[in-house]
Amino acid sequence: MTEPLFSEDDDEEFDRPRLAAHGPVRVRVPAKINLHLHVGAARPDGFHELTTVYHAIGLYDEITARRGDTLTLTMEGEGTGQLSLGEDNLVIRAARALAAETGHDAHARLHLKKQIPIAAGLAGGSADAAAALVACDQLWGTGLSRDDLAGIAATLGSDIPFLVLGGTALGTGRGELVSPILTGGHAWHWVLAVAEEGLSTPTVYKTFDELGAQSEAGTPDGLLAALRQKDPDVLAEHLANDLQAAALHLRPELRGVLDAGLDAGALAGLVSGSGPTVVFLAEDARHAALLAADLEATNCCRAVRTAVGPVPGARVL
Ligand code: C5P
């Protein structure tokens with residue numbers, strides 16, 4: 001973890017006494033979008049150096065952790081039939097990583113309720129891993145700090161530390177180095193157009209390399225200023241995603257989705273992360289609802305969702 005630029009004041013939960021939980025522990029975790037995603041060159045380890053602004057939005061998965069004699073995972077909801085329940089699942093890997101780090105037995109019965117679409121550029125799988133870390137920490141009473149959990153999260157995936165923290169944050173390195181950005185409590189209103197079929201993140205990065213679509217590096221000062229200004233028209237001018245060209249190359253029909261949202265009056269639209277979800281900025285809650293209804297009527301995508309950001313990361317309910 002790098003030093004925070006600013007501190008967000010939602011640490012209460014991590015200040016409570018460290019006792020193992022006897023009853024079930026429920027943890028809710030949000031999806032993320034990237035308000036800015038600069039992708040640099042591929043590194044020797046295959047990852048790309050990023051400068052990104054993560055933003056957690058109110059579209060949630062939920063994990064319930066109960067005591068058990070082994071480590072098991074069950075799932076329900078959005079797309080779960082396609083996901084493995086075995087050792088390769090990020091939720092299981094997260095529980096095992098926490099157990100290894102703390103010396104605790106990796107014993108828990110985990111149940112995941114999914115609402116975040118999978119392979120959508122919304123970091124749903126990463127969110128579930130973050131939720132598993134927070135849930136098992138509480139179930140086992142291992143009492144790690146949020147930074148300690150984010151440190152374990154970084155060994156599991158680039159986006160996972162952010163989903164432990166939530167809010168709005170600057171991400172560097174391969175995305176795992178996260179510094180909170182104070183956004184002064186302003187709520188931004190988003191509309192998400194969810195595609196029929198997911199996109200593979202490695203494929204999108206590979207296409208990015210092939211297209212040579214790199215933008216100029218640099219800190220996203222304009223975006224950070226726009227967030228402080230709390231003016232959606234200003235923010236609309238500073239949303240950017242270097243992976244968008246690659247996602248559009250792989251899914252040319254996403255151009256039509258972008259156009260549909262902009263025609264319906266969105267202030268801005270961009271592909272979320274590696275896609276294929278397209279995210280639109282709205283003026284306020286009412287505008288978001290109208291925009292969502294208009295988009296739904298165009299039948300341009302599988303589902304339309306509204307969500308507010310920023311929201312906290314993985315939290316015990
Ligand atoms: O870290 P995570 O497991 O989420 O990354 C998934 C894939 O996305 C990586 O295997 C890599 O292909 C690509 N990636 C990348 N550079 C990053 C983050 C992810 O190339 N900074």
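**Exercise 1. Which residues of helix α5 are buried, and which face do they line?**

Step 1. In helix α5 (residues 201-211), the buried residues are Val204, Tyr205, Thr207 and Phe208. Buried means under 20% relative accessible area and exposed means over 50%, with partly exposed in between (1.4 Å probe, protein chains only). Helices (H or I, at least four residues) and strands (E, at least two) are DSSP runs numbered from the N terminus.

Step 2. Looking down the axis of α5, these buried residues fall within an arc of 160°, so they line one face of the helix. The arc is taken from the directions that run from the helix axis to the C-beta atoms. An α-helix has 3.6 residues a turn, so residues three or four places apart point the same way.

Step 3. Now turn to the other side of α5, where Pro202, Lys206 and Glu210 are exposed.

Step 4. The cover over the buried residues includes β1 (25-42), β2 (48-66) and α8 (244-250); contact here means heavy atoms within 4.5 Å.

A word on the model: it is predicted, so local features need pLDDT of at least 70 and side-chain atom pairs count only at pLDDT 80 or more, while totals for chains, interfaces and linings use all residues. Residues are numbered from 1 along each chain as its sequence is written, and side-chain values use heavy atoms, with hydrogens and water left out.

**Exercise 2. Where do the residues of the "active site" annotation lie?**

Step 1. The UniProt annotation (unreviewed entry) covers Lys32 and Asp159. UniProt positions follow the numbering used here, feature names are shortened, and annotations may be inferred rather than shown by experiment.

Step 2. The two span 128 residues in sequence, yet no two of their C-alpha atoms are more than 8.9 Å apart, so they gather at one spot.

Step 3. Asp159 sits in the loop between α3 (146-156) and α4 (160-165).

Step 4. Check the side chains for polar contacts (N or O atoms within 3.5 Å; within protein, one must be able to donate a hydrogen and the other to accept it, and residues adjacent in sequence count only if both atoms are side-chain atoms). Lys32 makes one with the side chain of Asn34 (2.6 Å), and Asp159 makes one with the side chain of Tyr54 (3.2 Å).

Step 5. Leaving aside neighbours within four places in sequence, Asp159 is in contact with Lys32, Tyr54, Ala123 and Ser126.
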